[in-house]
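Here are a few friendly notes to read alongside the model. Please keep the structure open as you go through them.

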Amino acid sequence: MGSDQHIKDVNMMEISVLIKVIKGERNLAEIARSLDITLQGVRYYINILRQDGYLLDLDITSKGYEFLSSSLFQIKKFLNDNSDFLSDANGWEVICDDDIKSGDIVYLRMADAYLHASKKNVSSSKARSVSDSSRGQRAIIGEIQGIIEINFGKVEVLLIKDLDSNNYEKYMKEIKDVKKNLNDRSIFVLGEGARTLFEDGDGINVFSPLRGAFDSAVRGMDSLVISTEEAFNLNFEEFSKLKEEFTKVDVTLNFLQI
């Protein structure tokens with residue numbers, strides 16, 4: 001199931017079993033007890049999840065992550081009665097492209113990941129300045145009208161599976177290849193395991209990596225999140241919420257191959 005998934009397509013028992021697996025539960029009898037279904041029922045759903053490519057044995061696949069994230073999004077969307085996220089259109093900061101006086105009508109555009117305001121008619125989105133500011137300085141705007149045109153960036157999550165002393169050097173080599181082919185993407189590193197694969201001078205982002213990657217995408221910049229599978233599982237709830245919040249951001253999830 002992809003972006004065209006609807007609440008009617010969500011099977012709560014499949015989701016519940018998959019969540020138990022992603023949290024590390026391997027005892028099928030214990031899964032059955034916790035979900036109040038039969039052991040035969042758990043085996044049935046496990047087989048379905050394997051057939052659909054969401055599980056490989058009892059390990060979740062990248063396709064499984066996408067399925068779970070999409071399903072949780074549809075559940076939350078249904079519970080919120082399909083209401084859109086609302087934001088306050090007053091008190092926004094902008095960078096001035098011209099000298100601006102309080103009360104001036106300004107036109108808005110995104111440039112170099114930041115919101116700019118100009119007195120020239122450069123876009124269909126406009127606002128009213130509520131401060132006096134010079135070119136290159138900050139201004140505060142309100143009464144925003146129209147849609148600010150943004151070319152959203154992409155977020156790729158690259159997972160490292162079963163990192164240990166036996167495959168450490170191989171993963172180090174793959175990380176070096178990744179760094180050579182960034183194509184202007186920023187690297188966000190999630191967790192201690194992935195951090196050990198980078199050197200101090202690599203220019204990586206380690207604070208709030210998931211939030212930072214999505215914020216980069218909203219500002220029009222592509223980003224790469226690198227994490228061990230274990231660290232990603234611990235932060236999967238945050239990842240799902242960010243996908244839900246930033247629905248226009250294209251997100252892919254893959255395993256780093258060695």
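1. Two strands pair if DSSP finds at least two bridges between them. Helices (H or I, at least four residues) and strands (E, at least two) are DSSP runs, numbered from the N terminus. This is a predicted model, in which local features need pLDDT of at least 70 and side-chain atom pairs count only at pLDDT 80 or more, while totals for chains, interfaces and linings use all residues. Residues are numbered from 1 along each chain as its sequence is written, and side-chain values use heavy atoms, with hydrogens and water left out.

2. In S5, Tyr114 is the bridge partner of Ala111. Five bridges join strand S4 (residues 105-111) to strand S5 (residues 114-118) in the antiparallel sense. Both strands belong to a closed barrel of five strands, S3-S5-S4-S6-S7, with mixed pairing.

3. How do H2 and H3 pack, and at what angle? Helix H2 (residues 28-35) meets helix H3 (residues 39-51) at about 105 degrees, with axes 8 Å apart; axes are lines fitted to C-alpha atoms, for helices over the stretch in contact, and angles run from 0 to 180 degrees between N-to-C directions. That makes H2 roughly perpendicular to H3 (65 to 115 degrees). Leu28, Ala29, Ile31 and Ala32 of H2 touch Leu39, Val42, Arg43 and Ile46 of H3 (contact means heavy atoms within 4.5 Å).

4. The largest nonpolar core has 41 residues, and Tyr65, Val155 and Val225 are among those with the most contacts inside it. Such a core is a set of buried Ala, Val, Leu, Ile, Met, Phe, Trp, Tyr and Cys residues joined through side-chain atoms within 4.5 Å, where buried means under 20% relative accessible area (1.4 Å probe, protein chains only). Helix H1 (residues 12-22) gives the most to this core, with five residues.

Definitions and conventions: Angles under 35 degrees count as roughly parallel, over 145 as roughly antiparallel, 65 to 115 as roughly perpendicular and the rest as oblique. Buried means under 20% relative accessible area, exposed over 50%, partly exposed in between (1.4 Å probe, protein chains only).
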